[in-house]
Amino acid sequence: MKALRRGVDFRGRSNWPEYLSFFVVNASMSLTLSALEGWQRDGFFGILAVVYGLFVLVPGLAITTRLIRFLVTKG
């Protein structure tokens with residue numbers, strides 16, 4: 001994904017489609033891991049969800065910053 005490749009790049013701008021695709025992929029991964037944790041209940045998928053959340057934390061902040069910059073400079 002483009003957002004993960006530009007994960008620590010807080011410069012530039014991101015548009016709505018880039019942000020929404022990042023959001024949809026992360027929401028579906030989180031829901032899937034959460035459902036698997038509820039079904040399995042052994043803690044493995046919970047730990048995997050925490051690791052995944054930490055992995056996408058900085059790229060999520062970066063793409064949100066770039067989207068805000070896009071919205072501010074557009075209007």
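This report walks through the helices, the nonpolar core and a surface patch of one protein model. Keep in mind as you read that the model is predicted.

**The core**

Let's begin inside. The largest nonpolar core has 7 residues: Ala3, Phe22, Leu33, Phe45, Tyr52, Val56 and Ile63.

**Helix H2**

Helix H2 is built from 25 residues. From its first C-alpha to its last, H2 reaches 36 Å, close to the 36 Å expected at 1.5 Å a residue. Which residues of H2 are buried? They are Glu18, Phe22, Asn26 and Leu33. Their cover includes helix H1 (2-5), H3 and H4.

Glu18, in helix H2, deserves a visit of its own. Glu18 counts as buried because its relative accessible area is 9%, and buried means under 20%. Apart from neighbours within four places in sequence, Glu18 is in contact with Lys2, Ala3, Arg6, Ile63 and Arg66.

**The surface patch**

Now move to the outside. Val8, Phe10, Val50, Leu54, Leu57, Val58 and Leu61 form a nonpolar patch on the surface, and together they have about 670 Å² of accessible area. H3 and helix H4 (57-74) each provide at least two residues of the patch. Which helix gives the largest share? That is H4, with 3 residues.

Val58 is a patch member that lies in helix H4. Its relative accessibility is 37%, so Val58 counts as partly exposed.

Is Phe70 buried or exposed? Phe70 is buried, because its relative accessible area is 18% and the cut-off for buried is under 20%. Along the sequence, Phe70 and Gly12 are 58 residues apart, yet in space their C-alpha atoms are 8.1 Å apart. With neighbours within four places in sequence left aside, Phe70 is in contact with Arg13, Ser14 and Asn15.

| Residue | Relative accessible area | Class |
|---|---|---|
| Glu18 | 9% | buried |
| Phe70 | 18% | buried |
| Val58 | 37% | partly exposed |

Notes:
Residues are numbered from 1 along each chain as its sequence is written. This is a predicted model: local features need pLDDT of at least 70, side-chain atom pairs count only at pLDDT 80 or more; totals for chains, interfaces and linings use all residues. Side-chain values use heavy atoms; hydrogens and water are left out. A nonpolar core is a set of buried Ala, Val, Leu, Ile, Met, Phe, Trp, Tyr and Cys residues joined through side-chain atoms within 4.5 Å. Buried means under 20% relative accessible area, exposed over 50%, partly exposed in between (1.4 Å probe, protein chains only). Patches are made of residues with over 30% relative accessible area and no salt bridge: like charges are joined within 9 Å, nonpolar side chains (Val, Leu, Ile, Met, Phe, Trp, Tyr) within 5 Å. Accessible areas come from the Shrake-Rupley method with a 1.4 Å probe; for residues, only the protein chains shown count as cover. A salt bridge is a side-chain nitrogen of Lys or Arg within 4 Å of a carboxyl oxygen of Asp or Glu. Helices (H or I, at least four residues) and strands (E, at least two) are DSSP runs, numbered from the N terminus. Contact means heavy atoms within 4.5 Å. The expected span of a helix is 1.5 Å times one less than its number of residues.
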